Amino acid sequence: MHLSLSTAILLLATAGANAFLDGAQRDPTPRSWDEAYHMAHDLVNQMSLEQKINITTGAGWEKTLCLGNTGATTNPDFPSLCLQDSPLGVRWADNVTAGVAGITAASSFDKKLIRERGIYMGKEFRGKGIHMQLGPSVDIMRSPYSGRLWEGAGEDPYLSAVYGVETVLGIQSQNVVATAKHYIGNNQELNRNTESSNIGDRALHEIWTWPYARMVDAGVGAVMCGYNVVNGSHDCENDYILNTVLKGEMGFRGLVMSDWGATHSTVESANGGLDMTMPGDVVMGEGGSYFGKNLTDAVHNGKVTEERVTDMAVRIVASYYKLGQEKGFPKTTVNSFHRDRAPYVNVQGHHARIVREIGAASIVLLRNENKSLPLSTHDHKKIAVIGSDAGPVPGGINSCQDRACHNGTIAIGWGSGTVDFPYLITPKDGIERRVNGAAKVVHTYNDWDTDAAAKMARDADVALVFAGSNSGEEYIIVDGNNDRKNLTLWHNGDNLIKAVADANQNTIVVIHSVGPVLMPWIDHPNIKAVVWAGLPGQESGRSLADVLFGDVNPSGRLPYTIARNKEDYNIKLDPSEDIDYNEKLLVGYKWFDQQNIEPLFEFGYGLSYTKFNYSKVKLQTNGKDSDVILKAKVSVMNTGDVDGAEIVQAYISFPDSAGEPPKLLRGFEKLKLKKGASDDVFFDFDKVDLSIWDDESHQWTVPSGKYTIHVGASSRDIRASASFTL
Ligand code: BGC
């Protein structure tokens, strides 16, 4: 078989089981858990009960330098650990990088770039002396209305797992503990502190906890339990999800910390599996603690064993040693609550380059009629840029609390999952810089004066019209949204797009959105291209211009389904206190597939400026008991006239008797191909990929019967299938 050098290297790097390498190979941290536990026991054995409890108890909201700090001990000495948001960079700090959101990184379907993003974030956290990054978030998008869906990686557990694993490996390679969150069932902002997400055991294993199991295998140091209740018991005192599933079945050896204010008890939490309470106080900012003295009392009166407290302390100290933080870890220099007092520490390095690259690699080209894109300054002498989503944030990029602005280009959502922008290249600036005087760029940011927009569009060689939709975390409401009120474009977007399209036969729509939007204008004949630009962070305009002008050939894919009608989605926000996950396994595209609902743009979809042909799939089955149960090979050829990259996706259909949705994503690879070139892609499937959770025997099993593997360019653009029997 022919192998290019790059493919051979890729194969070596991913040999074993597609995204998930086995424990020994994949752990980039300085120490194994065994060694870290050994060291932790040595230290914790010298501690008094009070000292052990001190390191499990946050020092209190607004009392310390970081969003969360643990108590320190002397004799033996253990430092106060600094915990800081967010999943996309260092929150509440200056001279940091504001990169792409999780959902946007995921839409690159590019493992290498997701890893690089993790690495640079790890460098920035370490550079500021932060021991634990409060990310990645892998809350799976149960509903397109969920306010924080953009912090995670979309609607599929496999994609979320790859995103989570690569991010954890990147962060932890820099000696910083990654925190996977929010475990589990934290899928809407509405009633997030009180609602019970009632999840059946099979879906709990196959969907909701699946990415965590993969991150545990990858050595993640911390897990954050969520605000909500699961099956009647608060996340942070839920014996089943914490002790049985996470620490038992998955074998998680790191620490469980509470979300901020998500601890509700002393005894139940300690016995239920919580190891650290954050930020420490009973009610944030009001002092007291469920741990601290209350936990000491609980041990004295026999409600919690000292052994359990030792385990809590050991888990915390072990993650510190596992990441090698005892040697030369920088002094903490963030000052979250007095930012003017933070010393100048610039950790940005050359990270903007990675942000720009992953921003461009994440852009999903949804439509491109008559090769309208890429643009060229030769053919397009006058370019109209229309819509407030192409322009600056009035009042300044950081003028709104935790980025909760509702004007200007959308490059990030809002809430705790954000950072301050060091700068923000707007789409209009990016385009202007790219054309560099070789074409005229005219613009209007007025979304409401559709007549003026139409006039400007009529007069241009190409009209780029921008619109977006935003959302964020519960504690800030913007125009009625934290969760999304609806899936409609903000700021008169639909009317603006229609007015521009009516006026210019060469209209290109660019969307910046947290998640799916409705597109009532999609069949307008003058809309020649639709560009899905996600939440690109500080390099927004440059990443976009890279793709618009063909410097980068788009290869991003949708990490969720864009439906034709809002009614097509099965999950809306649920106002009840008991949210039954009746959809079971039918989350995202699995619902659309099972119900035969034609989406507007399906999961995994995205176009390129070139074309790819697929060969037939070749299979080799090794039997259920082998490490690699199935090997698949497909050849892909770039048959178009430019170089490009294809995201080759592998979906598995299980035997009918298994009761699985029609198909599940179980592998993908990004293949870069010069025009005319072809190469092979290999997929290995192991027990993890081919198992279902058997409710009766309470274990993972590989069902017997006929399977089919589908390889293609999206969840519905299947180019080759082959069956095998196990
Ligand atoms: C969020 C967490 C965050 C924490 C600390 C909470 O409101 O849910 O994701 O890490 O605050 O800011």
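Asp494 touches Thr488, Leu489, Leu518, Pro520 and Trp521, leaving aside residues up to four places away in sequence. Contact here means heavy atoms within 4.5 Å. Asp494 and Pro520 are 26 residues apart in sequence, and their C-alpha atoms are 7.3 Å apart in space. Asp494 is found in helix H17. At 17% relative accessibility, Asp494 counts as buried. Buried means under 20% relative accessible area, exposed means over 50%, and partly exposed lies in between (1.4 Å probe, protein chains only).

The model is predicted: local features need pLDDT of at least 70, side-chain atom pairs count only at pLDDT 80 or more, and totals for chains, interfaces and linings use all residues. Residues are numbered from 1 along each chain as its sequence is written, and side-chain values use heavy atoms, with hydrogens and water left out.

Helix H17 covers residues 493-503. Helices (H or I, at least four residues) and strands (E, at least two) are DSSP runs, numbered from the N terminus. H17 is mostly covered, with eight of its eleven residues buried. These are Gly493, Asp494, Leu496, Ile497, Ala499, Val500, Ala501 and Ala503. The cover over the buried residues includes helix H16 (450-458) and strand S11 (382-386). It also includes strands S13 (462-469), S14 (507-513) and S15 (527-532). An α-helix has 3.6 residues a turn, so residues three or four places apart point the same way.

Helix H9 (residues 210-217) is largely enclosed by the rest of the structure, because seven of its eight residues are buried. The buried residues of H9 are Trp210, Pro211, Tyr212, Ala213, Arg214, Met215 and Val216. Gly219 follows H9 and has a positive phi, near 90 degrees.

Tyr560 is found in the loop between helix H18 (540-548) and strand S16 (578-580). Tyr560 is buried, with a relative accessible area of 2%. Its contacts, not counting residues up to four places away in sequence, include Ile103, Met141 and Glu155. Val514, Gly515, Pro516 and Trp532 are also among the residues that Tyr560 touches. Phe601, Glu602 and Phe603 belong to this set too. Tyr560 and Asp156 are 404 residues apart along the chain, yet their C-alpha atoms are separated by 7.6 Å.

Asn370 lies in the loop between strand S10 (364-368) and S11. Asn370 is exposed, with a relative accessible area of 65%. Asn370 and Asn495 are 125 residues apart in sequence and 24 Å apart in space, C-alpha to C-alpha.

Several loops hold backbone features. Trp92 has a positive phi of about 55 degrees, although it is not a glycine. Trp92 is placed in the loop between strand S2 (82-84) and helix H5 (102-106). Trp92 is buried, at a relative accessible area of 15%. Asp479 is a residue other than glycine with a positive phi, near 50 degrees. The loop between S13 and H17 holds Asp479.

Two cis peptide bonds can be described. One joins Tyr183 and Ile184, with omega about 10 degrees. Ile184 is in the loop between strand S4 (177-183) and strand S5 (196-198). The other runs from Met278 to Pro279, with omega near -5 degrees. Pro279 lies in the loop between helix H11 (267-272) and helix H12 (292-300).

The whole protein has 20 helices and 26 strands. Its radius of gyration is 25 Å, close to the 27 Å that the globule rule gives for 726 residues, so the protein is as compact as a globular protein of that length. The radius is taken over C-alpha atoms, and the rule is 2.2 Å times the number of residues to the power 0.38. Along its principal axes, the C-alpha trace spans about 80 × 60 × 50 Å. Of the 726 residues, 66% count as buried. Residues 24 or more positions apart account for 76% of the contacts with a separation of 6 or more.

UniProt, in an unreviewed entry, lists residues 646-715 as "domain: Fibronectin type III-like". UniProt positions are given in the numbering used here, feature names are shortened, and annotations may be inferred rather than shown by experiment. The span 646-715 is 6% helix and 56% strand, and its end C-alpha atoms lie 14 Å apart.
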